[in-house]
Amino acid sequence: MSTTSLLVIAILILATLGYFLASKRAISTAGGDRRKLHSLPVYYGSNAAMFTAIPALGVLLIWLLAQPMLVERNVLSTIPDKLITEGSSIGLVMSDVRRVADGLEVVVSTGTLSQNETLKLDTEQTDIRALLAGVGAAVGSDVLPEMLEVAQNYRAQTKMGQLWMVLSIAPLALIGFALSVLAAKPTFRARNTVERGILALLVLAASLAILTTICIVFSMLFESINFFKLHPWTDFFFGGSWAPNFRGDSDLSILPLLWGTIYISIIALIVAVPVGLFAAIYLSEYAGPRVRAFAKPLLEILAGIPTIVYGLFALVTVGPALVRVFGRGEEGLLGVEWMSGATAVLTAGLVMGIMLIPFVSSLSDDIINAVPQSLRDGSLGLGATPSETIRQVVLPAALPGIVGAVLLAASRAIGETMIVVLGAGAIAKFSANPLEAMTTITTRIVSQLTGDTDFASPETLVAFALGLTLFVLTLGLNVIALYIVRKYREQYD
Amino acid sequence: MTDAIQKPEKKKSSLLQLDARTRTRNAAEKRFKAYGMIAIAFGLLMLSILVFNIVTRGAGAYQQTFIALEVELLAGKLDKKGNRDLDDIKKVSTFGYTPLLSNALEAKVIELGIETDLKAKKMVGILSKSAAAQVRDYVLNNPNKIGETIGFEFLASSRVDGYLKGRVSRDSIGNDKNISPAQLDLVDALKAEGCLAKRFNMSFITGSDASDARPEAAGMGTSMIGSFFMMLVVLVLALPIGVAASIYLEEFAPKNWITDIIEVNISNLAAVPSIVFGILGLAVFINYMHLPNSAPLVGGLVLTLMTLPTIIISTRASLKAVPPSIRDAALGVGASKMQSVFHHVLPLAAPGILTGTIIGLAQALGETAPLLLIGMVGFIASNPPDSIATGLLSPNSAMPAQIYEWAKRADPAFYERAWGGIIILLVFLVTMNTIAVILRRRFERRW
């Protein structure tokens with residue numbers, strides 16, 4: 001068992017011990033009379049457990065996150081230039097070092113060699129690569145003596161760090177334990193302290209959402225900055241072609257991808273908005289309770305189907321069906337040869353439109369239902385037919401909300417991945433023909449980041465710049481949409 | 001004077017007769033209503049086409065063609081030294097087992113009196129490439145059976161399977177070097193004799209992915225385990241964190257700009273494309289923290305971040321639905337604010353929270369895009385993990401990623417697998433959503 005898990009178990013045992021000791025002590029200092037205590041004995045116990053475990057575990061967590069980074073920085077500077085061969089980079093060497101060091105730890109833990117034996121290892125006498133392969137750690141090339149030296153250095157520093165970790169966290173837990181058990185007296189306001197602690201945990205959980213956003217932005221920002229160091233930003237934003245080339249010198253411009261994304265999204269919205277809007281109007285204004293109870297959940301099933309299912313539907317069913325209509329020359333239904341492959345803008349757009357129908361309809365349904373009944377009654381009372389009421393009174397009143405819903409649907413369409421990965425194709429180009437294959441931002445992110453990725457090449461890093469653009473784009477749409485929806489809701493509530 | 005007032009010309013109109021304007025208005029009304037119906041019908045039609053597609057294309061994956069053969073485990077081939085030493089037997093690769101299969105098939109053909117021009121070597125082509133491995137595994141487990149004749153049921157190759165299912169026809173195999181018309185004749189003859197038949201294929205549900213050349217042996221089992229471990233991570237992390245965050249925002253947070261930022265942030269995170277969470281996972285969990293690639297733990301962490309907003313939004317709604325009188329009563333009898341929330345409000349909101357969590361989990365279960373970026377694609381794990389730690393940390397796939405992997409392979413036999421996998425995935429999703437609906441119906445209280 002590793003040092004860390006032993007430490008965690010020790011802290012937890014100490015916390016449990018603290019719980020029982022403190023609640024016992026609180027009762028005994030009150031002379032066995034619970035009524036003299038400020039709080040229930042449970043709170044004295046919880047207070048002790050809290051002060052023993054939480055600071056120690058918190059520091060442990062930060063330590064575990066920070067230590068590898070610091071060790072790596074120290075080790076990085078000791079890597080001799082000899083190890084960085086042609087076609088390699090310092091990052092790759094570092095990951096080899098890590099693999100050798102981790103492999104040696106495994107060798108020790110499986111009992112193949114003792115700790116001292118691994119420290120005395122020599123590349124001349126033992127085949128370290130074979131030794132590591134024996135315990136399931138695969139190293140790409142033979143381990144050079146310099147590499148072994150760096151790896152041993154890495155191991156020594158990690159060991160040192162772990163020692164310091166135990167030496168600093170164990171006293172922290174013990175101090176918390178001692179102080180909180182000693183504090184368990186009738187006059188101590190244990191409940192207030194415990195509740196403040198719980199509140200702090202609740203705040204922490206709530207701020208995780210912010211932390212996620214910050215992580216998203218920074219992780220993409222840093223890699224995007226790296227990308228723009230390697231590749232001119234003018235080409236990324238204003239270039240005309242997308243042609244990644246893994247030997248370097250690629251054209252990486254977002255414009256053709258952006259065009260494909262927007263084109264597919266527009267087709268999807270052309271399908272989804274009228275259908276979804278009319279479905280919502282019918283369900284909220286015309287349909288009786290029975291039709292509503294039957295049709296609404298059925299439509300919403302469409303929203304619960306995973307996007308991979310739609311992707312396969314596009315690739316295997318809709319695409320070939322469209323080819324049968326628009327392609328195959330004389331054999332096709334129209335006798336034309338406009339479409340050659342199943343993957344096309346229209347395929348992906350249609351299927352994405354189907355996916356978005358329930359999204360548009362349930363959002364619009366809510367918004368139409370929020371229009372006060374008095375507006376409808378007034379209009380109907382003046383002699384308007386129901387459809388005139390809807391067109392001239394209800395829809396104008398609901399318009400801002402519907403615009404918000406459409407914007408949210410658009411942001412969904414832009415960020416959708418699986419349908420376009422399977423249905424849209426992989427060719428980046430500017431074309432107005434919906435029967436041609438085109439590609440989107442999300443498709444390119446997937447293709448640049450799957451498989452072997454080298455984080456030093458612009459071809460990989462471009463995915464982060466694309467992701468950042470996508471994030472900004474959808475965030476902008478969402479913010480505008482939510483603002484419109486919120487503002488509109490305030491009018492009638 | 002009175003006759004100066006002209007009597008208005010009497011218009012011939014009746015309430016019982018519609019004038020032209022009313023008729024057009026009524027027609028417009030009917031049209032408008034019809035548009036609505038068409039829209040709903042379109043949506044339902046698409047749903048039924050989708051479901052029909054899934055069922056008809058996917059059902060095939062649950063049936064597989066098997067060939068029954070009696071294989072003589074020749075001692076001379078498998079154990080040349082004759083000492084039944086396992087290490088020696090292991091030295092014979094699957095290649096060494098192929099002659100046994102061709103012998104068995106040839107014997108069968110002669111026994112049944114089927115006429116064919118095929119050589120024994122060619123006949124084996126109708127068996128799956130996994131057949132030799134199947135015999136080898138059997139021999140390694142039962143070395144004492146060497147020399148006996150054992151009855152086996154082998155998977156047929158995917159082309160033969162497709163022929164029986166109507167996916168492959170004699171016309172379509174013109175350029176196919178994996179199967180020939182003569183082999184199909186043999187298949188027909190064997191089928192007539194009853195030693196080749198389709199039956200329920202359990203290994204599709206329990207097995208693991210297979211290589212490109214053996215679509216007939218691929219199964220969903222291992223990726224289901226991967227999905228299970230991911231859902232475990234999501235449940236363990238997202239439920240407590242989501243509930244804690246919602247309690248703070250709904251019950252304790254002061255109305256100020258920080259709370260506002262958190263709220264706007266959460267509703268925006270709910271609409272961030274899922275692939276962005278995949279990028280986050282790749283950059284933070286794998287590149288920065290060096291968590292293992294393709295591990296369900298990483299997938300679970302990414303999906304946790306993705307489902308947190310969903311859970312927070314639904315939890316807040318159900319906390320809001322608990323009437324303030326409950327809180328006031330608790331405070332009135334001397335409970336602290338914290339006690340009133342944890343002892344009274346939270347238990348009353350629990351069914352709603354659970355419903356929201358299940359829906360969030362269902363959403364996470366079907367998500368594919370972020371998993372592709374952290375490397376959870378198919379054909380990684382072949383054996384089920386032996387402990388929770390390896391289940392979390394060893395590379396695995398997940399159900400939707402496995403389906404994507406199959407959809408990408410060019411062989412149509414894999415499409416059938418993908419649709420079959422979708423059926424399993426949808427069974428899980430439907431079950432989860434049904435549980436959520438039942439929970440909501442049974443325990444939801446209207447105040």
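This is a predicted model: local features need pLDDT of at least 70, side-chain atom pairs count only at pLDDT 80 or more; totals for chains, interfaces and linings use all residues.

Me: How is a pair of packed helices described?

Reply: Two numbers describe two packed helices: the angle between their axes and the distance between the axes. Axes are lines fitted to C-alpha atoms, for helices over the stretch in contact, and angles run from 0 to 180 degrees between N-to-C directions. Helices (H or I, at least four residues) and strands (E, at least two) are DSSP runs, numbered from the N terminus. In chain A, helix H1 (residues 3-29) packs on helix H2 (residues 41-76) at an angle of about 160°, and their axes are 6 Å apart.

Me: Which orientation do H1(A) and H2(A) have to each other?

Reply: Angles under 35 degrees count as roughly parallel, over 145 as roughly antiparallel, 65 to 115 as roughly perpendicular and the rest as oblique. H1(A) and H2(A) are therefore roughly antiparallel. H1(A) passes H2(A) in a right-handed crossing; a crossing is left-handed if the near helix is turned anticlockwise from the far one by less than a right angle, and right-handed if clockwise. The residues of this contact comprise 21 nonpolar, 8 polar and no charged. Here Ala, Val, Leu, Ile, Met, Phe, Trp, Tyr, Cys and Pro count as nonpolar, Asp, Glu, Lys and Arg as charged, and the others, Gly among them, as polar.

Me: Which residues meet where H13(A) packs on H14(A)?

Reply: Helix H13 (residues 373-381) and helix H14 (residues 386-415) of chain A pack at about 155°, with axes 10 Å apart. That angle makes H13(A) roughly antiparallel to H14(A). Leu375(A), Arg376(A), Ser379(A) and Leu380(A) in H13(A) meet Thr389(A), Val393(A), Val394(A) and Ala397(A) in H14(A). By class, the residues of this contact are 5 nonpolar, 2 polar and 1 charged.

Me: How are the strands of a sheet joined, and in what order do they lie in chain B?

Reply: Strands of a sheet pair through backbone hydrogen bonds, either parallel or antiparallel. Two strands pair if DSSP finds at least two bridges between them. In chain B, 3 strands form an open sheet in the order S2-S1-S3, with antiparallel pairing. S2 and S3 of chain B are the edge strands, each pairing on one side only. From one strand to the next, the twist averages 40°.

Me: How many bridges join S1(B) to each of its partners?

Reply: Strand S1 (residues 63-72) of chain B is joined to strand S3 (residues 196-200) of chain B by 5 bridges. Among the partners in S3(B), Phe200(B) faces Gln63(B) as its bridge partner, and Arg199(B) is the bridge partner of Gln64(B). With strand S2 (residues 149-155) of chain B, S1(B) pairs over 7 bridges; there Phe152(B) is the bridge partner of Leu69(B).

Me: How many residues take part in the contact between the chains?

Reply: Two residues are in contact if their C-beta atoms, placed from the backbone, lie within 7 Å. On that basis, 69 residues of chain A are in contact with 63 residues of chain B. Helix H7 (residues 190-230) of chain A gives the most to the side of chain A that touches chain B, with 20 residues. That side divides into 48 nonpolar, 18 polar and 3 charged residues.

Notes
Residues are numbered from 1 along each chain as its sequence is written. Chains are lettered from A and ligands numbered from 1 in the order in which they are written.
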